[in-house]
Amino acid sequence: MEEIYAKFVSQKISKTRWRPVPPGSLQTAETFTTGSWDNEENYVSLWSIGDFGNLDSDGGFEGDPKLLCDIRHHGDVMDLQFFDQERIVAASSTGCVTIFLHHPNNQTLSVNQQWTTAHYHTGPGSPSYSSAPCTGIVCNNPEIVTVGEDGRINLFRADYKEAVRTIDNADSSTLHAVTFLRTPEILTVNSIGQLKIWDFRQQGNEPSQILSLTGDRVPLHCVDRHPNQQHVVATGGQDGMLSIWDVRQGTMPFSLLKAHEAEMWEVHFHPSNPDHLFTCSEDGSLWHWDASTDVPEKSSLFHQGGRTSTFLSHSISNQANVHQSLISSWLTDPAKDRIDITSLLPTRTLSVNSLDVLGPCLVCGTDAEAIYVTRQLFS
């Protein structure tokens with residue numbers, strides 16, 4: 001792991017995402033977006049690391065991401081996703097969902113489209129409503145799916161003023177995050193430890209499948225789907241545990257991995273190297289999990305600046321009957337095939353709220369008003 005650069009940005013960062021690289025392009029990630037929260041004024045910003053890490057004319061490193069442009073955002077940015085190369089979708093604590101358009105010729109952002117009352121609480125017995133935070137979004141052009149504290153699921157299309165589909169009482173608890181399993185199917189996680197699969201081909205308002213953590217109903221905050229094996233899903237929640245699920249088998253997680261000391265805010269499989277997984281937490285840590293089988297004699301110890309602590313895990317279900325070669329490295333018993341965990345930040349910080357990985361590049365945002373960037377994840 002090479003140098004990770006810190007950039008202080010004078011605002012608490014709630015979300016950060018790399019702009020996708022055009023399909024077939026050989027270029028690496030250069031541009032990312034951030035959203036802020038808990039500030040007097042919040043912003044969606046666009047940054048470039050074009051000359052990142054190269055020597056400048058004075059012989060020093062140009063380690064700083066450069067701000068390309070920003071735009072004010074009403075409310076806290078609860079989630080942020082690139083819709084395509086030019087458009088960014090932002091979820092607000094006000095219940096609003098906004099598409100921002102980037103104009104590269106004059107480096108500005110403008111509002112392209114807005115659904116102002118995507119999420120709201122209805123008053124008892126009256127048509128009045130109060131806004132409910134939109135907690136999660138996922139994009140699959142031309143579709144945008146949003147979930148919220150109101151337990152509502154919306155399916156939007158970028159060029160439609162109204163929702164194409166709304167599941168009003170999808171959940172009686174807060175929906176915290178959403179991801180596509182495959183085009184017509186989404187998966188949501190909620191505040192009572194449940195995963196629910198929804199199929200937009202079905203007309204009803206019921207999920208097609210429910211999976212849940214047993215015992216304590218620990219709120220789940222984040223979810224990501226394995227990029228190649230759509231049945232493999234990772235979640236993280238209030239207890240900091242990393243859960244790996246096989247949605248084809250049973251209703252419980254395949255394995256629970258002891259991870260962070262506080263809430264896990266995001267989990268991401270590496271999009272092109274999914275044996276690698278990344279998590280960040282309220283406890284100020286950012287971890288790289290390496291489950292690739294080519295690491296010889298894996299140590300089960302967790303390395304962080306010379307400090308080691310034993311790595312605990314247990315596998316819940318016995319998958320011995322599944323042909324081993326068809327299985328993801330995440331669906332082997334991690335106690336036998338040990339996973340390397342590396343802490344990526346040099347020191348503990350305030351909460352690490354968001355991270356994103358693309359190629360060799362990683363970016364994360366924190367409550368310490370800093371963003372951290374590296375271009376050399378696997379060196």
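Predicted model: local features only at pLDDT ≥ 70, side-chain atom pairs only at ≥ 80, totals over all residues.
Residues are numbered from 1 along each chain as its sequence is written, and side-chain values use heavy atoms, with hydrogens and water left out.

**View 1. Salt bridge between Glu41 and Arg72.** The side chains of Glu41 and Arg72 pair at 3.2 Å, N to O; a salt bridge is a side-chain nitrogen of Lys or Arg within 4 Å of a carboxyl oxygen of Asp or Glu. The pair links distant parts of the chain, 31 residues apart: Glu41 sits in the loop between strand E3 (31-36) and strand E4 (42-48), and Arg72 in strand E5 (residues 66-73). Strands (E, at least two residues) are DSSP runs, numbered from the N terminus. Glu41 is partly exposed at 36% relative accessibility, and Arg72 is exposed at 53%. Buried means under 20% relative accessible area, exposed over 50%, and partly exposed in between (1.4 Å probe, protein chains only).

**View 2. Salt bridge between Asp84 and Arg87.** The N to O distance between these two side chains is 2.8 Å. Asp84 is buried, with a relative accessibility of 18%. Arg87 is also buried, at 18%.

**View 3. Salt bridge between Arg152 and Asp168.** The closest N and O atoms of Arg152 and Asp168 are 2.7 Å apart. Arg152 is buried because its relative accessibility is 6%, whereas Asp168, at 34%, is partly exposed.

**View 4. Network of Lys15, Arg17, Asp79 and Glu266.** Salt bridges link these four residues into a network. The count of salt bridges by the rule used here comes to 15.

**View 5. Surroundings of Glu261.** Glu261 is in the loop between strand E23 (255-257) and strand E24 (264-269). Its relative accessible area is 63%, so Glu261 counts as exposed. Not counting residues up to four places away in sequence, Glu261 touches Asp283 and Arg348; contact means heavy atoms within 4.5 Å. Glu261 and Glu282 are 21 residues apart in sequence, and their C-alpha atoms are 8.1 Å apart in space.

How values were computed: Helix = DSSP H or I, 4+ residues; strand = E, 2+ residues; numbered from the N terminus.
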